[in-house]
Amino acid sequence: MNAALKLIRQQRKAIVGVVIILALCLMAILAPVIAPKNPSARVGRSHQPPTIEHVMGTTKMGRDVYTQFVWGARTSIAVGFATGIAITALGTVIGLIAGYVGGRTDAALDLATNAVLVIPNIPLLILLASFAGTVGPLAIMAIIALTSWPWGARMTRSQTLALRTRDFVTAARMIGEPGWRIVFVELLPNLLPLIGINLVGSIIYAIVAQTTLEYLGFGDPLQVSWGTMLYNAQNSSAIILGAWWDIGAPAAGIALIGLGLALVNFTFDEIANPQLRSGPALSRWLRLNRARNRNLEAAR
Amino acid sequence: MRISSRRLGVYTIALVFAIVMNFTVPRLMPGTPVDAMIAQLGSRATPAAIEAIKARFGAVDAPIATQFVDYLKGLATLDLGVSVKYYPQTVVAVLSRSALWTAFLVVTAILFSLLVGVTLGAVAAWRRGGRFDTIVSPLSVVMIAVPPVIIALTTLFLFGVSLRWFPVGYAYDPSLDPGLNFAFVGSVFFHAIMPVLTLSPYLIGEFQTTMRSSMISVLGEDYVTMGRAKGLTSMTVMFGYGARNAMLPVLTNLALMLGAVFGGSIVTEIVFNYPGLGLTLFTASVARDYPVIQGQLLMMTMATLGANLLVDIIYGLVDPRLREAAQ
C-alpha cells in the first residue's frame, strides 16, 4: 500500500490530470450554485463579447455563454463517463468470456470483435443517428457503447488468455471452484490495471464521439451540452463573425477534460507496463547509470 | 504472400454486417420505410424526393427475404439508388465525385503523420527518460484525446479567419481550371494544408505512442546490442536496426485507426467546407438523404476493409518471418 502511495506521489502528471477532472466535475455538480441562471434564457444582445456581466460573452441568441458552459459540463461529462463505463463493461465481459471459455465461443466472439473493429464507427453512428432523428443523451450513449467495445475486448481477451494457464488458475480449477468464481475472483483482480486503462481510454473516446455527433447536429438541441454549444455556434457562423468566445468556451472545456484524462491514462500505462516508464524515477536511474559508466571509463 | 482465411473471414463478416445494418435500420422505423422517410422529410418532401425513396425501397409489401435479395442484386450491380437531395443523380455518382478528395486528404495526412510520429516515437524511445521523451510522449497522449472538431475550429479561427494565411473553404481556387498545371496543383495543396494539419495531431499521437512502446522492446533485443557492439553510429542503429523492426505494430495500428480517421475527416471537411465524402454525408444527413447516407457507410466500410487488406499484404512483405513462412 505504501509503495502504491509512493508511486502515486511520484506521478505529477496523474495528479495534474486528476485535479483537472475533479475541478470540472465539481463545476458541473455545483452548477445551480455558481451559475444560478437558466442556461436557455435570453439575457443579453446577440454575440456580445465578454464583459463583467457576461464573463464569457453571449451567443447569437443572446444566451449567457458562461451559464451554458457550466450547465453543459453536466451533460457532457455525465454522458462521457457513463458511456465510457458502458463500453468498458461490455468489452471486459466479452473479452473475459472469450478468453476464459475458449473453443468455439472464443472463435465466434473473436470474429465478431474483429469485424466490429474494422467497421468505421463514426459513419455507422451517423447512419443510426440519422434514422433515429435527433437523439437524446441516452440514445447517444447506447449507440456509442454498442459500436466501440471491441478495443477493450481484444485487450482483455489476450490478457485473459495469458492468465488462464497460470498455476493459480489451474489450482483454483483443481480445487473445484466454479467457473464464475474463477473468472470474477481469480482473474478479474489481475485484470484491474488493464480495465483502468480501458476505462480512461473509453471515456476519452466517448467524449470525442459524443462531441462529433452533437456537432453534426444529431444531439437534442434543447439539451445544453458542450457539443450542442459547438453546433449552435457553428450554425450562427460564430467563427466567421469573430465571436471566438462562443466557440472557445465549449472547445476549451472539451480540450481540458481530454487533457486531464490523457494525463491519467499516460500514468496508468506506465504503472501497468513498467517498460514504458519515463518520468523522474527513470531519469534518475539513467543519470546514475551514466555516472557509473563514466567512473568505469575513468578507472580503466 | 498469403492472407490467412481468418482475416478474410473477418472482412467478410464486417461487410455483411454493414450491408445488413443498411438493410435493417430503415425497416426498423415504424410503418413502411417509405412512409417513415417521407414523414421525416416533412416540408422537404418534394415529389422528386418521394419518387427517389420509392424507387430505392421498391416493393415494401413483399416478404423480407425477397426485399433482401432485391437489395443484394442492387448492390452487386453497384446500384445504390438515387439521391434524394440531388435527384435524379445516382448515389454512386454523388459519392464518387467527393471520394477522391477525401482519399487525397486522408492519404496525405497519414503519410505526413507517419513520417513525424514514427520519428518522434523512435527518438523518444532512444532517449527514454530524457527531456525530449518527457515532453513529447505525454503530449502525444494529449493529442489523441482532443477531438478533431476542437482542433479544426481552432485552426480555422487562428489561421483562416484571424491571420488569413490560408483559404477557409473549397479544395482549390474556384477561378482556376482543373488540370495538371503548376497553379492548379499548387492551389490544391495550399487548400489542403489546414485540413491535413487538423487530421494529423491524432494520427501523430497514435503513431508516436505505438512506435515508442514497440521501439522500447525492440531496443532490448540482442541484435541491437550487436549493432552497438559493432561500433555502428547511433543513427544507423536507431533507424536501420531499431525503427525498421519497430514499425510493424505501427502498421497494424494504422489499419485499425482508419475508421477513426474517416470520422475525423468528416468533421474536418465540414469545418473547412472541403468537398469530400464527409461534407457530402453532412449535407445528406441535414437533408435526410437516406440513400446517400447508406451508400456512404457501405463505401467507408469498403475503404476501411480495402485498406486493412492492403496493410495485411504489406505486413506479409515487410515482416521477414511471414515472408519466409509464405515461401
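**Note on the predicted two-chain model**

1. A:Leu125 touches A:Ile143, A:Ile144, A:Thr147, A:Ala209 and A:Leu213, leaving aside residues up to four places away in sequence. Two residues are in contact here if their C-beta atoms, placed from the backbone, lie within 7 Å. A:Leu125 is also named, with B:Ala122 and B:Leu153, among the residues with the most contacts inside the largest nonpolar core, a set of 162 residues. Such a core consists of buried Ala, Val, Leu, Ile, Met, Phe, Trp, Tyr and Cys residues joined through C-beta atoms within 7 Å. The greatest contribution to this core is made by α10(B), with 18 residues.

2. On provenance, this is a predicted model, in which local features need pLDDT of at least 70 and side-chain atom pairs count only at pLDDT 80 or more, while totals for chains, interfaces and linings use all residues. Residues are numbered from 1 along each chain as its sequence is written, and chains are lettered from A and ligands numbered from 1 in the order in which they are written.

3. Chain A contains 13 helices and 0 strands. Helices (H or I, at least four residues) and strands (E, at least two) are DSSP runs, numbered from the N terminus. Of its 300 residues, 48% are buried; a residue is buried if 20 or more other C-beta atoms lie within 10 Å of its own, exposed if 12 or fewer, and partly exposed in between, with C-beta atoms placed from the backbone. Among contacts in chain A with a separation of 6 or more, 70% join residues 24 or more positions apart.

4. Helix α10 of chain A (residues 179–215) deserves attention. Its end C-alpha atoms are only 45 Å apart, whereas a straight helix of 37 residues would span 54 Å at 1.5 Å a residue; the expected span is 1.5 Å times one less than the number of residues. A kink of about 55° lies at A:Leu188, shortly before the proline A:Pro189. The bend at a residue is the angle between axes fitted to the seven residues ending there and the seven starting there. After α10(A) comes A:Gly217, with a positive phi near 95°.

5. The contact between the chains takes 55 residues from chain B and 48 residues from chain A. On the side of chain B that touches chain A, α1(B) gives the most, with 10 residues. That side divides into 36 nonpolar, 16 polar and 3 charged residues.

6. B:Asn273 lies in the loop between α10 and α11 of chain B. Its phi is positive, near 50°, in a residue other than glycine.

Technical notes: Nonpolar A, V, L, I, M, F, W, Y, C, P; charged D, E, K, R; others polar.
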